[in-house]
Amino acid sequence: MRRKRFQGILAAGAALVLGLLEVSAALPTAGAQSTSAAQAEKPRVAAGRDLSGKNWAMPSIEQKDGRYALLVDGAPYLMLGVQANNSSAWPEYLDKVWPAAEMLHANTVELPVYWEQIEATQGKFDFSVVDQILKQAREHHQRLVLLWFGTWKNGSAHYTPEWIKLNQAKYPLLLNRDGHTVDSPSIFAPAWLEADKTAFSALMRHLKEADPVRTVLMVQVENESGVWGAVRDYSPAAEKAFAGQVPEKLVKGLGKRPGTWREVFGKDADEVFQAWFTASYIEQVAEVGKAEYPLPLYVNAALREPFNPGKPPSYESGAPTDNEIDLWKIAAPSISIVAPDIYMPEFAKYSKVIDLYRRKDNPLLIPETGNPAEYARYVYAAIGQGAIGWAPFGLDLSCYSNQVEGPETMEPEALKSFARQYSLLAPIARKLAEGNLDGKVRGGSEDAENHTRTLDFERWKVVLQYGMPSFGDSMKPKGNSPADGGVVILELGPDEFLVAGHHVRVDFTPTFEPGKKRYWLKVEEGGYDEAGKWKTARIWNGDQTDYGLNLKADENVLLKVRLTTF
Ligand code: DGJ
């Protein structure tokens, strides 16, 4: 059955979520802004990426005036990611991962590499699972971020091979102040570091060989390193180190005066000590891995509450928490990014975490975030703050849900709210990444407490209102219920913008000519064709622009807006 052109486009996002793939087959090509990331990549992959072995550019991180881009195939790339559940990166289970990624319209899948699997016998490496992951990712037109579940996984050593777990004399666990063993590695025993360095460098060496087409974009070194249940290690070796002087590198880097840990850091000494040795250990692992294959490397953080953090061990001690980012930067120069795992649904907290981790010396990457629907809108805030990537956690079809308050199981229905945003953003992902490097992107997510927000460009203020009807301006915005709106705006040129969002009213006010008002020159709805050329489907005017740009419906609408004043 032939559908009307734009109905087909607008239905595509929802239809893919339901697995009705034949609907997307019926999509027109020109102006079709709703194709999935995987689809958007497909023609390029088929036509442009010769997977049989050209010398593809290494993924890398580019910096411009404190803004960042992840370069993939030589150009800025926005990771619209998804992280699979912890136990989903097995060949038998990968078929639960790729369909979810496709339904989501994700372009990158984050998957763990398990130390216990690749080195079940010490010194004998088995990369068959990694190879399956690479092969299947390519077949499914996905890029990968691999997560090294090595010495630490959520502060514990649970992914270490049996030969480590069974030899606790050589690979001890940490002792707390009372001398009790804690479920976390005691890294002052040198065998830990040597074993992890050997395994991680073997992995990176293998990736260099096995991935000439750069399917893997980045590697996360360890997972939420640090310790739960103790502030620091009190083993005899740790105690000896704690009695010593703070290394000069740290003292100098932080602008402190030399002394013992207690003398320099007072009541924070235990936490800082643990952070320094954790970060220094990870630096040494990262360094040998990077020497084998210089992919961008990052660490992820289990966060502390951003407004009232309390003291460890109420949060993970020694971790790359916001108070320790400076230290991690000094200790671990081989790590390009200190990245927050954001499991805080409240707008104020989410925004604060972004502020804390987005720094001139630290690209913003959110490698994990919650998967209940309320998190989906935060992709806009992340991109608007310059994120190079964002990924909800645990969205695969293995029927496991990690969320206390989220969906019971991850059925396709649970993916919908994320798919809605990604299906809109995927076709313009590269443009947004490029715009972010140039400082041309702003974005916002709905705050349930505050229904009007503004975004500032050089010449224009953008007013966002949530919960307005599409017609009329005499009423006050009442917010969406639930709060699920968001928008990104890309400055395309002087007084010209690309607008993409859901459940929001967008309007512009000139700031360069006080007293003047915005005058729509032209508002075009359309999309980019495969060559990146804009195709106009229709011009919005009349009721569609008299009360701002109302992106009220679930449909995916891209607007190109040209403005003047009167
Ligand atoms: C954060 C960890 O990094 C993930 O591996 C996973 O355990 C989630 N927490 C669970 O919500």
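The following legends describe close-up views of a predicted model. Local features need pLDDT of at least 70 and side-chain atom pairs count only at pLDDT 80 or more, while totals for chains, interfaces and linings use all residues. Residues are numbered from 1 along each chain as its sequence is written, and side-chain values use heavy atoms, with hydrogens and water left out.

**View 1. Residues around the ligand.** The shell around the ligand consists of Asn 86, Lys 153, Asn 154, Asn 223, Glu 224, Asn 300, Asp 341, Tyr 343, Glu 368, Phe 393 and Asn 402 (a residue is near a molecule if one of its heavy atoms lies within 4 Å of it). By class, two of these residues are nonpolar, five polar and four charged (Ala, Val, Leu, Ile, Met, Phe, Trp, Tyr, Cys and Pro count as nonpolar, Asp, Glu, Lys and Arg as charged, and the others, Gly among them, as polar).

**View 2. Polar side-chain atoms at the ligand.** An N or O atom in the side chain of Glu 368 is 2.6 Å from a ligand oxygen atom. For Asn 86, the distance from a side-chain N or O atom to an oxygen atom of the ligand is 3.0 Å. A polar side-chain atom of Lys 153 also lies 3.0 Å from a ligand oxygen atom. On its own the ligand has 300 Å² of accessible area, of which the protein covers 83% (Shrake-Rupley method with a 1.4 Å probe).

View 3. Asn 300 belongs to strand 10 (residues 297-302) (helices, H or I with at least four residues, and strands, E with at least two, are DSSP runs numbered from the N terminus). Its relative accessibility is 1%, so Asn 300 counts as buried (under 20% relative accessible area, 1.4 Å probe, protein chains only). The side chain of Asn 300 makes polar contacts with the side chains of Asp 341, at 2.9 Å, and Glu 368, at 3.3 Å (a polar contact is a pair of N or O atoms within 3.5 Å; within protein, one must be able to donate a hydrogen and the other to accept it, and residues adjacent in sequence count only if both atoms are side-chain atoms).

**View 4. Two cis peptide bonds.** The bond from Pro 312 to Pro 313 is cis, with omega near 15°. Pro 313 sits in the loop between strand 10 and helix 13 (325-331). The bond from Ser 481 to Pro 482 is also cis, with omega near 0°, and Pro 482 is in the loop between strand 16 (460-465) and strand 17 (486-493).

How values were computed:
Buried means under 20% relative accessible area, exposed over 50%, partly exposed in between (1.4 Å probe, protein chains only).
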